[in-house]
Amino acid sequence: MLEFPSVWVDNSPDSLFDITIRYCIKNPITFCRYLPWPAEYQLHEGLSLPEEICERMLLLSKTELNEESFKKFIRIFKDNNRTRIRRVDLSDSGIEDISMEIVGEHPVSELNISDCQRLSRLSLNYIAKLKDSLISLNIGSSIQILNDEDLSQIPGDEDDHLIHRYMGGLFHQQVGEAILTGGDHHDFPPFLELPRLRKLTIHGLADARGNFCFKQLLNSTENLTHVDLTGCSVSNLDYLFCQKHLVSLVLCDVVDVVDCIRGICEIKSLRHLDVSHSGDHPLYYENPNATLKCIVDNLENLVSLDISGTNLAGGRTQLRDDRSVRDDSEQPIEVPVTDIPGLASRVRRPLEFLGLLNTAHDACYRHHIPAKRIAGDATEEQILTAGQMYCAREYMIQKVLNDLFHIFRFSTCNNTRLALDVIMEAMRIHLKVKHIQVSGSASLFYVVKNEGKELFNIKMRRKIIKVLLDAMFCHYSDVTMLRNGCLTLIHFKIPEDVQFFDYERLVSLLLLIVAQDDPDEFVQRIGVYLLNSLACQVDGVQKQLVGDRGAITIMLQLIEKRLARNLCDEVMETAWSTMWNVTDETPINCARFLEGKGMDLFLGCLNAFPDKPELLRNMMGLLGNVAEVKELRNRLMKDEYLAVFSELLYSKSDGIEVSYNAAGILSHIASDGPELWIKHNISSVKRQVVLERMVEAIEQWNLNTKRNINYRSFEPILRLLSVDHTPEAQHWAVWALANLTRVYPDKYCSLLKEEGGIDLLFKLMQKPGYPRILELAEAIIKQCQKYENSGMQDIIDEDSDILDTS
């Protein structure tokens, strides 16, 4: 069995090779020139790319580019003199025949076009060009390319022209002399000869035996070692008898597999045989014990056998191996037994693998099974083995994921590492299958929650988050999927774990979730919480991105709906908090808030919910950000707004936070001078009265108060230090700096110095002003100097009596 993909990788950086490749595929202009017609990229003159680079580019572009960009990128390989690809995986993509035409010009040895539904029969023509190189061909479910169009009805005396008309130009070689002489398909020219082919995969082909293209393909080679005909209708297997090297034959869900057993037994070279069935009910053989015995007795080289979903394991009869029951002394010897009658001959030579999932009579629960690895549902080990073996099979992996979820929820998983690998790979492969995504994400929640995030390095976290986001985007209308995804995401570090690779996708997804017309309240609450986390502790570019995606508008809509219902809940409070975060030093988002009639909602919430301290703190914090933007302050110059800000100066809500923010708003407004009050005809409150109230409020605050606030920059506060015409604004600024550097010196002493605040404070002390401002300025400087010298947080000095006026 091939090594199963694992999410458990070392926490080492990506190779420079991959980093460069990713940059190039996303910026093809770095090594190509763009041709507007026919809208494609072409390598720069004199540039050639070796095979290793080309194949890596093709692989990564398929996974990291959108569909249209990927199809355009493939055209880079049009020049087969300067590019070369041998291993080509185009599975599950939207490629069309024109891409296959490009592939056909390369010496491709491995080709996977499974689930490429836009390919037509014309692609066979390009595959046929690979006759001298192709070793592995996976057509998978793209069986439309094998459409015969009733070729069996072509009359035997038609000429080349008619052949071409019916075959749609499939012949890549001249058929000149090859005229049909009869109705037998063997008289057709060998248009699809792949003599070197060793591995062939075709899924779901009806009447494979009667399909001309299929038969010609098999007749063109005698070197096949692996054949997978899952879901096909094969009638019998006489066309495989000539395959003397066949070691693996997969006939899963083959409708007429019961009729193929005799033919299977003739292929003596087989080492792996799969006759499993994935339906709701087991596939029944008339004589299961005799049938299974016939298979294993005739196929002596068999090491892997899959009979899942059948009754081939028989009943519960326990048989002994009837050979060599006595040794030379004629003493009886204890002979191993088996609970699967048809495998009695393999008791002493157990199979390496045996598939028993969903078998009749629950065969996987039996004790004496002659196999080293078993796929079933009796134990965790069997379930995980089944997950590895059946990961690509929708029905069977769905059952495996359900069984895993049961283990995680009601028991203890002993092999979480492998379980996570199975879950991740199943969700990756079956992205469009909702039930698999829901079931997988439910188990993923328990893995992330119980395993501990510290065990997942950054690469692993990114992989898990990507799988979750893919699933949530694909099934965003399913409440259970969104619930599972959000509950899992909250166990990661947001925004750190997505800040540099999937930030924008997660923002878009969360906004999609919370903006739904009829959302699930629980999902909406988690969505708003995650969105708020994303907007916190990121730079201005990312804050603006959140606003660009419509966050302000959506948050205002959420608030408006709840205000209309007179409901102040966690969603409303977090919506205000989110806007507080995204407007921090981001003027465009502040403007969006005002343009969205945010001030009306502010007044509405203030009147409706006056006793909600967290709500009030969040609203005032947001308005503090708006007030920092000089170009927007004139929009706050209304009597009703200024009266509210003045009143809130004495608020005791949430400690000093509301009063602090009210003073900050008024300080920034006052910094524009008295002319602004005159210009806007403010009559409800006098400017001087407001300033006096502000100073009175400031003097009531405890300088040692711990804060519920986070400054990324002191720039807006430092600007107030130069407002000589309004010392009250300077007073608020120096108090804020004194408090923050005193309570959180580790963070804010260095920030103040980095932004030139110490120099501004020295300049302030050289100007005439009222003593309290100078005292606070001097205390700040001493505080920072002491912290710089000691590097310790214990900085309360002899001036504490002066500083603490509460």
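Among contacts in the protein between residues at least 6 apart in sequence, what percentage joins residues at least 24 apart? The share is 68%, where contact means heavy atoms within 4.5 Å. This is a predicted model: local features need pLDDT of at least 70, side-chain atom pairs count only at pLDDT 80 or more, and totals for chains, interfaces and linings use all residues. Residues are numbered from 1 along each chain as its sequence is written, and side-chain values use heavy atoms, with hydrogens and water left out.

**Overall make-up**

- The protein has 34 helices and 14 strands. Helices (H or I, at least four residues) and strands (E, at least two) are DSSP runs, numbered from the N terminus.
- Of the 806 residues, 54% are buried. Buried means under 20% relative accessible area, exposed means over 50%, and partly exposed lies in between (1.4 Å probe, protein chains only).

**Helix pair α10 and α11**

- Two packed helices are described by the angle between their axes and the distance between the axes.
- Helix α10 spans residues 380–389 and helix α11 spans residues 394–410. Their axes come within 9 Å and cross at roughly 145°. Axes are lines fitted to C-alpha atoms, for helices over the stretch in contact, and angles run from 0 to 180 degrees between N-to-C directions.
- The crossing of α10 past α11 is left-handed. That term applies if the near helix is turned anticlockwise from the far one by less than a right angle; clockwise is right-handed.
- On the α10 side, E380, I383, L384, A386 and G387 make the contact.

**Aromatic pairs**

- A pair of aromatic rings is described by the distance of the centres and the angle of the planes.
- The count comes to 15 aromatic pairs. Rings of Phe, Tyr and Trp (its six-membered ring) pair if their centres lie within 6.5 Å; planes under 30 degrees apart count as stacked, over 60 as edge-to-face and the rest as tilted.
- F214 and Y239 form an edge-to-face pair, 5.6 Å centre to centre with 85° between the planes. The pair links distant parts of the chain, 25 residues apart. F214 is in helix α7 (residues 212–219), and Y239 is in the loop between β7 (226–228) and β8 (248–250). Both F214 and Y239 are buried.
- F405 and Y446 form a tilted pair, 5.9 Å centre to centre with 55° between the planes. These two residues are 41 apart, with F405 in helix α11 and Y446 in helix α13 (residues 434–451). F405 counts as partly exposed because its relative accessibility is 22%.
- Y660, W701, W732 and W735 form one aromatic cluster.

**Charges over rings**

- The charged end of R707 sits over the ring of Y660, 3.8 Å from its centre. The rule asks for NZ of Lys or CZ of Arg within 6 Å of the ring centre and within 35 degrees of the ring normal.
- R417 lies over the face of W8, at 4.2 Å from the ring centre.

**Backbone features**

- The peptide bond from W37 to P38 is cis, with omega near 15°. P38 is in the loop between β1 (32–35) and β2 (40–43).
- The I494 to P495 peptide bond is also cis, with omega near 15°. P495 is in the loop between α15 (479–489) and α16 (503–514).
- N358 is not a glycine, yet has a positive phi of about 60°. N358 lies in the loop between β13 (351–355) and β14 (371–375). Its relative accessible area is 26%, so N358 is partly exposed.
- K597, not a glycine either, has a positive phi of about 60°. K597 lies in the loop between α21 (587–595) and α22 (598–608). With a relative accessible area of 57%, K597 is exposed.

**Single residue in focus**

- F762 lies in helix α32 (residues 757–765). Its relative accessible area of 36% makes F762 partly exposed.
- Leaving aside neighbours within four places in sequence, F762 is in contact with I781 and Q785.
- The C-alpha atoms of F762 and A777 are separated by 7.9 Å, and the two residues are 15 apart along the chain.
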